[in-house]
Amino acid sequence: MSDNSHIGELNPPNRLMLTPGPSSMDPRVYRALATPLVGHVDPWFRGCMDDVQVMLRQIFQTENRITMPLSASGSGGIEASVVNTLEEGDEAIVAVNGTFSDRMAVIAGCTPAKVTKVEAPYGKPVDADDVRRAGKGRKIKIVGLAHGETSSGVVTDLDSFRQVADELGALLIVDTVASLAAVPLHIDRQRIDICFSGTQKAISAPPGMSPITVSPNAEEVFRTRKTKVQSWYFDLTTAMNYWGKDRLYHHTPPISLIFALREAMRIVLEETLEGRWERHRVNQLALIAGLEAMGLEMLVKNPKDRLPTVTAVMIPAGVDDVKVRNQLLDEFNIEIAGGLGPLKAKIWRVGLMGHCSQKPFVLLFLAALEKTLLDQGLRVPSGAGVGAAIQSYTHVDTAAAAVR
């Protein structure tokens, strides 16, 4: 038998998670995680589930009956969305402008449906007119896209895609993993048919759950399928039986994660969605002002295309991607992320999500990055980043005071 005496008590470092997810959590959410476990059919827990669904509908801004957290990551949300809608003979169009929108196309390609990718360069949104042209004269079952593309920091306007989906007679499926609770979104008003997200991003709950909501139109598509859903686990018509009024057993959910999600959503709604959206916008403006004052460039050139939760920063020539990230981690306890796929070693991805989207964290990061870049031999104007960020905040405060 192996000697495990060298394995000590679990004591992870307390990082500032300025990544594209997971984000750091409010102490209240940690306390919720540490509360006593109850059974998944316990009457008390059923009441807790009711609370979760009520608040999730408020955050999605929907009255949809099927609104629940899937026991899965955001990628599970992608899979549930496409396998429940697509079957043999169907056609799908997926707008691809990054790693995670491409993942939707890949997962859709695992179904018997025909999948067409309409692409844009990383750093730009897909043009809805290109989707319109790709689907013209064809019967399209779904149009899918990422509202916030986590890999490149791009946000996409949804209204133009709803219009195109209407013209094509298609359901609109939207990935809001990196945008829910941080970017304006109204499921019912914008008529999004299936929308999924992740708990570990702007909601600032632990990873492991994928909130999803399904419109009545999409429910009808589920009911009229000619074939069985390819996945037992992600078949929403059976999974909903547990989250429906009868609470019929489907699988054992992650009870402690649901406790944490409940508390995290209480924090979201205490702040108000509008207040949270504005906080994310203001903090990203200050971050970008600081980065640009240090001489750094953004991947996303058009400000209106920038996702408030993830800022993609071009790595300057001669600077080592991994060394910078390791020094931020070792010296300042700050974690940021590198690029994925074709953007590997070309960008840093700085996340300001949920609990992490705060003025003190923006200023701390800019000061830490300046010191790290100086150590790398890059000439950075002393204090320029923090100074520009403070000026950005001052401008916002002055404008808000003028409105009042």
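User: Let me start with a single residue. Is Ile140 buried or exposed?

Analyst: First, a caution: this is a predicted model. To read burial, look at relative accessible area; under 20% counts as buried. Ile140 has a relative accessible area of 2%, so Ile140 is buried.

User: Where does Ile140 lie?

Analyst: Ile140 lies in a loop, between helix 5 (128-135) and strand 5 (142-146).

User: Which residues does Ile140 touch, beyond those up to four places away in sequence?

Analyst: Ile140 touches Glu91, Ala92 and Ile93, then Gly135, and also Leu168, Gly169 and Ala170. Sequence separation can be set beside distance in space. Ile140 and Asp90 are 50 residues apart in sequence, yet their C-alpha atoms are 7.0 Å apart.

User: Is Thr111 buried or exposed?

Analyst: Apply the test again. Thr111 has a relative accessible area of 7%, and the cut-off is 20%, so Thr111 is buried. Thr111 sits in the loop between helix 4 (99-108) and strand 4 (114-119).

User: What lies 2.6 Å from a polar atom of the Thr111 side chain?

Analyst: That is the backbone oxygen of Ala108. Setting aside residues up to four places away in sequence, Thr111 touches Val83, Leu86 and Gln230.

User: Now the cores. What is the general idea?

Analyst: In soluble globular proteins, nonpolar side chains tend to be buried together. Here, the largest nonpolar core has 91 residues. Met68, Val143 and Phe161 touch the most other members. Helix 10 (residues 255-271) supplies the largest share of this core, nine residues.

User: Which residues is Val143 in contact with, leaving aside neighbours within four places in sequence?

Analyst: The contacts of Val143 are Ile93, Val131, Phe161, Ala165, Leu168, Ala170, Leu171, Leu172 and Ile173.

User: Next, cavities. How many of 30 Å³ or more does the structure hold?

Analyst: A cavity is space where a probe fits but cannot get out. The structure holds two of 30 Å³ or more.

User: What lines the largest cavity?

Analyst: Its lining is Met68, Pro69, Leu70, Ser71, Tyr233, Phe234, Ala239, Trp243 and His251. Strand 2 (66-70) and helix 9 (236-243) are the elements that give two or more residues. Strand 2 gives the most, with three. By class, the lining has seven nonpolar residues, two polar and no charged. Note Met68: Met68 lines this cavity and is among the residues that touch the most other members of the largest core.

User: And what lines the second largest cavity?

Analyst: The list is Gly153, Gln284, Ile288, Met298, Val300, Arg306, Val310, Thr311 and Ala312. Helix 11 (273-293) and strand 11 (310-314) each give two or more residues. Strand 11 gives the most, with three. The classes are five nonpolar, three polar and one charged.

User: Last, the largest pocket. What is its volume?

Analyst: A pocket, in contrast to a cavity, is open. The largest pocket has a volume of about 510 Å³. It is lined by 26 residues, and the closest to its centre are Val155, Val183, Lys304, Asp305 and Arg306. Arg306 also lines the second largest cavity.

User: Which element gives the largest share of the pocket lining?

Analyst: Helix 11 does, with five residues. Helix 6 (159-168) also gives two or more. The lining divides into 14 nonpolar, five polar and seven charged residues.

Conventions
Residues numbered from 1 in each chain as written. Predicted model: local features only at pLDDT ≥ 70, side-chain atom pairs only at ≥ 80, totals over all residues. Heavy atoms only, no water. 1 Å grid on protein atoms, 1.4 Å probe; cavity = no way out; pocket = protein on both sides within 12 Å on 5 of 7 lines; lining within 4 Å. Points joined across faces, edges and corners; volume = space filled by probe spheres on them. Helix = DSSP H or I, 4+ residues; strand = E, 2+ residues; numbered from the N terminus. Nonpolar A, V, L, I, M, F, W, Y, C, P; charged D, E, K, R; others polar. Buried < 20%, exposed > 50% of the residue type's maximum accessible area, 1.4 Å probe, protein only. Contact = heavy atoms within 4.5 Å. Core = buried A, V, L, I, M, F, W, Y, C linked by side-chain atoms within 4.5 Å. Polar contact = N/O pair within 3.5 Å; in protein donor to acceptor, adjacent residues only side chain to side chain.
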